[in-house]
Amino acid sequence: MLNITAVHTVFQKEELFQGIAARYEIGTPLRSRFILNGLNDTYEVQTTAGTFILRIYKHAWRSEAEVRFELELLSFLASWDMPVSRPLLRKDGDLLSKLNAPEGVRFAALFTFAEGIGKVDLESSSAYGRAVAQLHHAMDQYVPAHERFELDASHLLDEPLQQLLPFLQHRPSDLKLVQEIVLRLRSHLEAASLASYDWGICHGDLHGWNVFHSDDGSLTHFDFDCCGMGWRSYDLSVFLWDRVHGRQEDSFEDACWDAFLKNYLEERPMSGQDLAMIPVFVAVRHIWLMGLHTGRSPVWGAWQDDGYFDGKLKFLYAWVEKHQL
């Protein structure tokens, strides 16, 4: 018999739910559903007290301090009446549970359920822009008690590039061009780090689908797993990136992005130099995503084939050419 080290395991969900539910005042467990194997494992859990979301962080994805930063940030935002899916306290007053998995210790947290649906149209984009501005205002008041990575050049460009390069070895012209683009993007970020740009806690993944909209016009933010200190123009750029990536140059304009940005700026003005960085950060986000996909291939599978890179790089090259980056 072979003894093989596990990279990622999936828990037996009924046993998992029973063990977690016993640590919270959430009524009697009824049923659970494993809904997503993404950056972390996500479960929808139902009890006699309602519906909740259980997140099991993947081993070695986030440190304990980094997870506590996220959870305590959400608790703070909830105390400021920000519409967020917030973590629940256990019976012993802690926000965090630890699970012993074959691959090592994994962290778990239980969250309130975000009502509504995901959608991106002109009305929802306008509401989202205002809500993100309010979120940034509230985040400005938070004083972290725990260390967490920053959304800086190292995190957004250098680390993703190292994950990406091995997948481009058989495409030497693309490998060279991607490295050249990253160098140019990095020079923009280095210049931004030396000047007075809007820097603060960011959600990190504001692509428009980490928020649910309800019929009454309210919304709820969730999934702060990519949060950290960073450029606020990067935070906004993720919404634009989601709207345009995969498009051709003649369709880079987007009405939902215009509505989002207009309403954000009405609520929270931003300097011209911050706004000028948004096209840079769209390209940075695209590099970061490719690095994320390739870096997580041991868990998600190595589906980053030539078809994947044909599409991803076509957009990157068109975007940097359009904006002379």
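Visitor: Is F315 buried or exposed?
Guide: The model is predicted. The cut-off for burial is under 20% relative accessible area. F315 has 2% relative accessibility, so the residue counts as buried.

Visitor: How many aromatic pairs are there?
Guide: Ring centres must lie within 6.5 Å to pair. By this rule the count comes to 17.

Visitor: What is the geometry of the F212 and F222 pair?
Guide: The ring centres are 4.8 Å apart, and the planes meet at 70°. Planes over 60 degrees apart count as edge-to-face. The F212 and F222 pair is therefore edge-to-face.

Visitor: Where in the chain do F212 and F222 lie?
Guide: The two are ten residues apart, and their pair links distant parts of the chain. F212 is in strand β8 (residues 211–213). F222 is in the loop between β9 (219–221) and β10 (228–231).

Visitor: Which accessibility class does F212 fall into?
Guide: Buried needs under 20%, and exposed needs over 50%. F212 has 23% relative accessibility, so F212 counts as partly exposed.

Visitor: And F222, buried or exposed?
Guide: The cut-off is again under 20%. At 18% relative accessibility, F222 counts as buried.

Visitor: What is the angle between the planes of F252 and F315?
Guide: The centre-to-centre distance in this pair is 5.8 Å. The arrangement is edge-to-face, with a plane angle of 85°.

Visitor: Which ring does the charged end of R285 sit over?
Guide: The charged end of R285 is 5.0 Å from the ring centre. The ring belongs to W241.

Notes
Residues numbered from 1 in each chain as written. Predicted model: local features only at pLDDT ≥ 70, side-chain atom pairs only at ≥ 80, totals over all residues. Heavy atoms only, no water. Phe/Tyr/Trp six-rings, centres within 6.5 Å; stacked < 30°, edge-to-face > 60°. Helix = DSSP H or I, 4+ residues; strand = E, 2+ residues; numbered from the N terminus. Buried < 20%, exposed > 50% of the residue type's maximum accessible area, 1.4 Å probe, protein only. Lys NZ or Arg CZ within 6 Å of the ring centre and 35° of its normal.
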